[in-house]
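Me: I'm new to this structure. Please walk me through it in short answers.

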Amino acid sequence: MRRIEIEPAFESWRRAARRLLAEGAAPDGLVWSDALEPEQELLPGLSPAPVVGEEEPAAAGFRVPRRFVELARAVACHRDPDRWGHLYRVLWRLGRLRQGEPGLLEDEVDDDVRRLLLMEKAVRRDSHKMKAFVRFRQVCDEAGELYVAWHRPDHRIVERVAPFFAERFGVQRWSILTPDGSAHWDGGELRIGPGLPRAAAPEEDQLEDLWRTYYASIFNPARIKLKAMRAEMPVRHWATLPETRLIPDLLQAAPGRVEAMIEAAQRPQARDYFPPANPSLPSLATAAQTCRACPLFEKATQAVFGEGPAQARLVLVGEQPGDQEDLAGRPFVGPAGQVLEEALAEVGIAREEVYLTNAVKHFKWEPRGKRRLHQTPTLGEAAACRPWLEAELAAIRPEAIVCLGSTAARALLGGQIRISRQRGEVFEGTPWAPWVLATWHPSALLRMPDESLQAEARRQFVADLRKAAERLRGSVSQGRTGASALTNTALPSPGA
Ligand code: URA
């Protein structure tokens, strides 16, 4: 028996195989194994030479099918120590048979071929897992930001998969460390280095939180398939995946969350409480008192519907009624209402001219001693209540809407809106009005931590309201509307 030790890499095997093939060395007389030394020393007498390639003729004078080279590249990454021998056996058969067995690789029941195909499949699967489960941690070195990941693949695939990461994360510097090898990308060049222990990679960083938040938000408790989870995300990789630390808690909470999901799915929708076709504002206001589309009605005194002229050209949308509004059954009659009224007066708008309403119609609160403390409604609660707001806007058909604070802005402009960055911006062509503008909520002004911040936020709030008023007055002076500056008597008021 002749021992053939090669560096465990496709190119090394290819060189050795070409030589052996040229010598006429039959596979049965060879024992292949991985060596850590360069192969030239271990194959005395064999000098490196161009070997079997996609285009080039092999030493034995035949062309190797492309498919074989592709297969061999994958199989070379497999951890099975016998892979070199199996590859050489199939190569030998392809060469021996030359014209005789051109379809050998298609013969999937042939033992030699089947073994290679299974190895190829395992490597492909492992590569797919590596692409999905590598998690980078951010560190800083002398050259700046660097992302480092430690991963333990089943096979020796780091070199095979590294180009995927270079393409995907081409602008960052990163390193992927595995026990068998490491890949390093400096933004322009990929280098393959030796294997490294897990301790060489950093443990925690702020990206972990991001992954965990993401995973918790996409986790669907109604779709738990533990077997599939383990197959798709093998337990072996869990140690390096920050999100997997959430799994036990998420699984424990899952039955409760499923119950909540079922309950929400069974709960009636706001529309189920609507009066029949083309409802007027008063009939909507009455119907809203019966709404059970979210649990907020349980603790509220009553639903607080919008108020103001059905022909209003401007609608102001707040978040939800507060303590005083809940008791009075009218929007903006407490401290926030006072701030709002003063600011409106400053820009020449009378409260009676505009329609005032809220994104959520019931007061959400929690007890704090004898007080009822305001709680921000969730996105789900705002979504459940949105049909009421939409019905009000459909009845009024205002020329403009001003959203006061982020709950209202998100309900009408989408979840991405940020008041601190986008306040005062005019969003045109919305389904509810030709334009919408968002600004601070008046309560936010009252909560500002110091006087100078409060003064600045108030200045911005008034400036945004002034902008809205001037735009509306501008369209009046262009002859678009009727008698009052902010009440559109020229527009029909459907159902009012
Ligand atoms: N805050 C709001 O958003 N709406 C009100 O009606 C009162 C306070």
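Reply: Let's start inside a sheet: Ile 401 has Val 436 as its bridge partner in β14. Strands here are DSSP runs of E with at least two residues, helices are runs of H or I with at least four, and both are numbered from the N terminus. A word on the source: this is a predicted model, where local features need pLDDT of at least 70, side-chain atom pairs count only at pLDDT 80 or more, and totals for chains, interfaces and linings use all residues. Residues are numbered from 1 along each chain as its sequence is written, and side-chain values use heavy atoms, with hydrogens and water left out.

Me: Which way do β12 and β14 run, and how many bridges join them?

Reply: They run parallel, and five bridges join them. Two strands count as paired if DSSP finds at least two bridges between them. β12 covers residues 400–404, and β14 covers residues 435–439. Another partner pair is Val 402 with Leu 437 in β14.

Me: What does β8 pair with?

Reply: β8, residues 314–318, pairs with β12. That pairing is parallel and has four bridges. Val 317 sits opposite Cys 403 of β12 there.

Me: And β13, is it parallel or antiparallel to β14?

Reply: Antiparallel, over three bridges. β13 is residues 426–428. Phe 427 has Val 436 as its bridge partner in β14.

Me: What do β13 and β14 form together?

Reply: A hairpin, with six residues between the two strands. Gly 429 lies in the turn and has a positive phi of about 70°.

Me: How many residues of β12 are buried?

Reply: Five of its five, so β12 is largely enclosed by the rest of the structure. Buried means under 20% relative accessible area, exposed means over 50%, and partly exposed is in between, with a 1.4 Å probe and protein chains only. Ala 400, Val 402 and Leu 404 are on one side of β12, with Ile 401 and Cys 403 on the other. Both faces are covered.

Me: How many residues of β14 are buried?

Reply: Five of five, which leaves β14 mostly covered. Trp 435, Leu 437 and Thr 439 point one way, while Val 436 and Ala 438 point the other way.

Me: Why does Thr 439 count as buried?

Reply: Because its relative accessibility is 0%. Its side chain makes a polar contact with the side chain of Asp 464, at 2.6 Å. A polar contact is a pair of N or O atoms within 3.5 Å; within protein, one must be able to donate a hydrogen and the other to accept it, and residues adjacent in sequence count only if both atoms are side-chain atoms.

Me: What else is Thr 439 in contact with?

Reply: Beyond neighbours within four places in sequence, its contacts include Val 402, Ile 419, Arg 423 and Phe 461. Contact means heavy atoms within 4.5 Å.

Me: New topic. Which residues are around the ligand?

Reply: Among them are Gly 318, Glu 319, Pro 331, Ala 336 and His 441. The shell divides into four nonpolar, five polar and two charged residues. Ala, Val, Leu, Ile, Met, Phe, Trp, Tyr, Cys and Pro count as nonpolar, Asp, Glu, Lys and Arg as charged, and the others, Gly among them, as polar.

Me: How much of the ligand does the protein cover?

Reply: It covers 94% of the 240 Å² of accessible area that the ligand has on its own. Accessible areas come from the Shrake-Rupley method with a 1.4 Å probe; for residues, only the protein chains shown count as cover.

Me: What about the phi of Phe 332?

Reply: Phe 332 has a positive phi of about 50°, although it is not a glycine. Most residues other than glycine have a negative phi. Phe 332 is in the loop between α12 (323–328) and α13 (335–346). It is buried, at 4% relative accessible area.

Me: Last one. How many helices and strands are in the chain?

Reply: The protein chain has 18 helices and 14 strands. Of its 496 residues, 46% are buried.

Technical notes. Near = heavy atom within 4 Å.
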